[in-house]
Amino acid sequence: MPILYDKEHAIFNIQTPDTSYIIGIYDGKLPLHIHYGKRIEQTYDMFDMLDKPAGKNYSFDPVCMDFSEKIARNVHLFELPTYGDGDYRMPAFHAQYADGSTVSKLYYTGHKIYDGKPALSDMPSSYVEDDSEAQTLELYLEDELSGLQAVLCYTAYGDRNVIVRSNRYVNAGKATVTLYNVDSGCIDFDHNDFDFVHFYGAWARERMMERTPLLHGLQAIDSARGSSSHYQNPFVCLASHDAGEDMGEVYGMNLVYSGNFHAGAYVDSFHKTRFFTGINPFDFQWKLDCGESFQTPECVMVYSDRGFGKMSRTYHEFIRERICRGKFRDQERPILINNWEATYFDFNEDRIVAIAKKAAEMGVELMVLDDGWFGHRNDDHTSLGDWFVDKNKLPDGLASLAKKINALGMKFGLWFEPEMISTESELYGKHPDWCLHVQGRSSSEGRNQLILDLSRTEVCDYIIDTLSEILGNANIEYIKWDMNRNMSEIGSAYWSPDRQREVAHRYMMGLYRILGTIKERFPHVLMEGCSGGGGRFDLGMFCFFDQFWTSDDTDAVERQYIQTGTSYGYPAMVMGAHVSACPNHQTGRTTDIKTRGYVALAGQFGYELDLSTLTEEELAEVKKQIALCKELAPVFHKGDMYRIKSPFEGNLTVWEFVSKDKKTAVVEIFVIKGMANPSYECIRLKGLDSAAVYVDRNTGKKYSGEVLMHMGIKREGWKDYSHEILILEKA
Ligand code: DGJ
């Protein structure tokens, strides 16, 4: 059983196959954090090992008098750090009570351990398929003076090195409590021998890895954009200084949330580290009335004792199998073609059918019609909200277009941006107060559009009804759900002044309700998320979307950085990746069609160009890519990924994908910059069966697994942006 309770010593040992997360209830009251890391089998009176106040400065680190032994709150490790009684580090919980005070004393009142994992109310979360897969511990705490209760919830999966955690606050008191900070995950460590690793970016250059040693004080990332954003990703790590792909300790935390978040590490003067993540407390406030409860998002924690590689593979499998859900979870997705970079807004039915026809000849399976099919949208100034077909472009409507596409043997998919509204739209004429705005202030526009106020039930219902009607009246088997701006002037005409700081979070709750309803009503529709590329690439989204457009940057070289950075936290199965035209529309760079194809194959594969513009030679390559995708997609999507060489560290990108049965390995090698007189590069593979013999499909040469892993393959003499794909099969 993954969760052990040592009653004699009041110790909980939450175990996964390789890890232990240990909590102790000190003095029958205070949940202390004791250990998170390598698995520990035996627990005993572990409080002996904790830091004692003796020797510390009593004047400036006040001791709490609530316990039989005095303890200085500032030096201990806590499960739920609160504010007000001497712990001066960042609290994971901060609230204000009816008497105006902001001091909390949340003490243990009981616990429950049970099989399975409950779904969270209002928030998306990971799940179990059978209660025997996991166990959950709920720790119950109460602030006696106010009656506020906290439920700290931990789930350990029996056969995965994953622990998920979230908190619920229940106002069982007699007056409203105002919540200010409600972190989802918080781990206290008794040392600071860590690097902080995060993935920053911007539009078209998402998830660039950055690693810096921890300093004393606060290192944090956040988003206040109303979305997890291109700029920072909610996935963060702490890594031992020696951690590499296969060695060292790495702790990952990822939040199942798509809105404003913060994550970081606070190191105090006693070299202790507090690692945290949750809803961004900046500009957040929540009035919790009597009898109400507040559910924090969930945080997915992974500890790896063998570097970033093991951590990533643990996340990949977990996301594929216990975050993603629905009909498509275990299926290979159709190869798609999207008209955006081929036509932008300038298309009509004939053009779309022509693009589809050529693609169908090549073996492409799904035609996606992107932006511009509705209202009178010929550029990005108008019509968002007016989800009726533009008869000038599509005179016979969507159902007829879908039929024509289906007649080519392809599925039909459609782009939407349901959360948005153009001021030049019929919807805005009817409901000017349906957008996020602050009464009396001007509203800033992003891409010439405003954002619908999804904190309002009727606005969410409008979106659900509109989409349901469109999806119900044409054979649409895929939707691309886009979102192209971040929030500003966050305010709602619906909510009272004292609830305005709830609006950004209520928006997310509304969005999750819409997505859940659409997914439930249309389970046969494959859903791809998008936010100007990968601007909302997070676990909250993957509870609904089967895949996500990784970046608007389709350049094959830039994509090596973007897809490598993304791979630290997310599997290839969810990364939309397309071959586009050259010179590339974002960077102006020209790369070989093979390079573009091999980079895209390591994601959810597709095309984003008019194939009729290609030469015969290039079309022959497209056919090969499609055949390779059909054959190898299961290895890319369900196999284990190894980052053999990272573009963040050198001139080569090498990704290796190994099928779970180790029968097939696909190695993709890319050179970023050609070099005169280069030396050999030695590429040592990983994850193979060392006793087996593998045959290189291109050359027929045989290699043993151990030679491939311990001696490696040698390569030399590449040019700019060159590439190679190596398919190794067990003899
Ligand atoms: C941004 C997306 O990332 C693009 O792929 C495309 O769908 C445009 N929006 C359409 O406006």
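Me: In which hand does α9 pass α10?
Reply: Helices here are DSSP runs of H or I with at least four residues, strands are E runs of at least two, and both are numbered from the N terminus. A crossing is called left-handed if the near helix is turned anticlockwise from the far one by less than a right angle, and right-handed if clockwise. By that rule, the crossing in which α9 passes α10 is left-handed.

Me: Before we go on, what kind of model is this?
Reply: Residues are numbered from 1 along each chain as its sequence is written, and side-chain values use heavy atoms, with hydrogens and water left out. Local features need pLDDT of at least 70, side-chain atom pairs count only at pLDDT 80 or more, and totals for chains, interfaces and linings use all residues, since the model is predicted.

Me: At what angle do the axes of α9 and α10 cross?
Reply: Axes are lines fitted to C-alpha atoms, for helices over the stretch in contact, and angles run from 0 to 180 degrees between N-to-C directions. Angles under 35 degrees count as roughly parallel, over 145 as roughly antiparallel, 65 to 115 as roughly perpendicular and the rest as oblique. The axes of α9 (residues 556-567) and α10 (residues 593-601) come within 9 Å, and they cross at roughly 20°. That makes α9 roughly parallel to α10, at a crossing angle of roughly 20°.

Me: Which residues of α10 does α9 meet?
Reply: Contact means heavy atoms within 4.5 Å. From α9, the residues taking part are A556, R559, Q560 and Q563, and they meet T595, R596 and V599 in α10.

Me: How are α6 and α7 oriented, parallel or perpendicular?
Reply: The axes of α6 (residues 457-473) and α7 (residues 503-521) come within 10 Å and cross at roughly 25°. Their crossing is right-handed. The two helices are therefore roughly parallel.

Me: How many nonpolar residues are in the contact of α6 with α7?
Reply: Residues in α6, including I463, I464 and L467, meet residues in α7, among them I514 and I518. Ala, Val, Leu, Ile, Met, Phe, Trp, Tyr, Cys and Pro count as nonpolar, Asp, Glu, Lys and Arg as charged, and the others, Gly among them, as polar. The contact of α6 with α7 has three charged, four polar and, for the class you asked about, seven nonpolar residues.

Me: Which residues of α4 does α3 meet?
Reply: α3 (residues 349-362) and α4 (residues 397-407) pack at an angle of about 25°, with their axes 10 Å apart. α3 passes α4 in a right-handed crossing. E349, I352, V353 and A356 in α3 meet, on the α4 side, S400, L401, K404 and I405.

Me: How far is a polar side-chain atom of D482 from a nitrogen atom of the ligand?
Reply: The ligand is surrounded by 13 residues, counted as near if a heavy atom lies within 4 Å, and D482 is listed among the closest. K480 places a polar side-chain atom 2.7 Å from an oxygen atom of the ligand. For D482, the distance from a polar side-chain atom to a ligand nitrogen atom is 2.7 Å.

Technical notes. Polar contact = N/O pair within 3.5 Å; in protein donor to acceptor, adjacent residues only side chain to side chain.
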